[in-house]
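Thank you all for coming.

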Amino acid sequence: MTQYSRLIFFGPPGAGKGTQAKMLSKECEIPHIATGDILREAIAQQTEVGQKAQAYVEKGELVPDEVLAELIRNRLQQPDAQSGWILDGFPRTLKQAQFLDQLLSELNSSYDLVIYLDVPDEILMERLLGRGRQDDTEETIRRRLDVFYNQTAELIDFYQQRNHFLQINGNRPLPEVTQQIKTAMQEGN
Ligand code: AMP
């Protein structure tokens, strides 16, 4: 049995991408590639990438596209990413999306499904303030929401024009959202 196994999750911060991606990754045994997690780890380790990314992450700004391009190019070529992946938090700009198209074609690959998790702002704010991550102060949360609407939201149009785009209402109980994603993944049967 095959099912869709190369997924792109996107949506505003706090939409539940990470939670959903983590669960599906475990259940479907495909790697969860969360660029935010990778960057936070790189910052903790003070690697070269970490040093380049730190100031941006702390302010809630996007890390430059070139840094992300390099990071994703390396990650998608790892052995565990050959049979599938869930991209969480990448792409976040049109440039990154175009880069991903090009990279996947170079690797003779493609994505199967783009999932956009849609949640109203008031709910996002509540959720993010309750999360207590180091970059989750009210100011950076506002900044990250602005960044999403100004720099990432145009990806909705970009992917909507293609097949295999699914917009999901993320303001529902977690298991319902998971179920809807799983059903969509089964369409790859
Ligand atoms: P996240 O955990 O997805 O909310 O990401 C945390 C932070 O990492 C963001 O606020 C950005 O500073 C940075 N980041 C993560 N993914 C990307 C990306 N695709 N492009 C640029 N910056 C990113």
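I will speak about the ligand, then about the aromatic rings, and finally about some backbone details.

Please keep in mind that this is a predicted model, in which local features need pLDDT of at least 70 and side-chain atom pairs count only at pLDDT 80 or more, while totals for chains, interfaces and linings use all residues. Residues are numbered from 1 along each chain as its sequence is written, and side-chain values use heavy atoms, with hydrogens and water left out.

Let me begin with the ligand, which sits in the largest pocket. A pocket here is found on a 1 Å grid over the protein atoms alone, as an open set of points where a 1.4 Å probe fits, with protein on both sides within 12 Å along at least five of seven lines, and a molecule sits in it if more than half of its atoms lie within 2 Å of its grid points. Around the ligand there are 16 residues, the closest being Thr 35, Glu 61, Gly 89, Arg 92 and Gln 96, where a residue belongs if one of its heavy atoms lies within 4 Å of the molecule.

Which elements give two or more residues to this shell? They are helix H2 (35–45) and helix H3 (48–59), and H2 supplies the largest share, four residues; helices (H or I, at least four residues) and strands (E, at least two) are DSSP runs, numbered from the N terminus.

Turning to individual atoms, a polar side-chain atom of Arg 40 is 3.0 Å from an oxygen atom of the ligand, and a polar side-chain atom of Arg 133 is 3.3 Å from an oxygen atom of the ligand. Gly 89 takes part through its backbone, with an N or O atom 2.9 Å from a nitrogen atom of the ligand. Taken alone, the ligand exposes 480 Å², of which the protein buries 94%, the areas coming from the Shrake-Rupley method with a 1.4 Å probe.

Now to the aromatic rings, of which the structure holds five pairs; rings of Phe, Tyr and Trp (its six-membered ring) pair if their centres lie within 6.5 Å, and planes under 30 degrees apart count as stacked, over 60 as edge-to-face and the rest as tilted. The pair of Phe 10 and Tyr 159 is tilted, because the ring centres are 6.3 Å apart and the planes stand at 50 degrees. Since Phe 10 lies in strand S1 (residues 6–10) and Tyr 159 in helix H8 (residues 154–160), this pair ties together parts that are 149 residues apart in sequence. Tyr 159 also forms an edge-to-face pair with Phe 158, at 4.9 Å centre to centre and 80 degrees between the planes.

Are these residues buried or exposed? Phe 10 is buried at 3% relative accessibility, as is Tyr 159 at 1%, where buried means under 20% relative accessible area, exposed over 50%, and partly exposed in between (1.4 Å probe, protein chains only).

Last, the backbone. Most residues other than glycine have a negative phi, and most peptide bonds are trans. The peptide bond from Phe 90 to Pro 91, however, is cis, with omega near 0 degrees. Glu 29, which is not a glycine, has a positive phi of about 55 degrees; Glu 29 lies in the loop between helix H1 (17–28) and strand S2 (32–34), and it is exposed at 70% relative accessibility.

Note on methods: A polar contact is a pair of N or O atoms within 3.5 Å; within protein, one must be able to donate a hydrogen and the other to accept it, and residues adjacent in sequence count only if both atoms are side-chain atoms. On a 1 Å grid over the protein atoms alone, a cavity is a set of points where a 1.4 Å probe fits but cannot get out, and a pocket is an open set with protein on both sides within 12 Å along at least five of seven lines; lining residues have an atom within 4 Å of a point.
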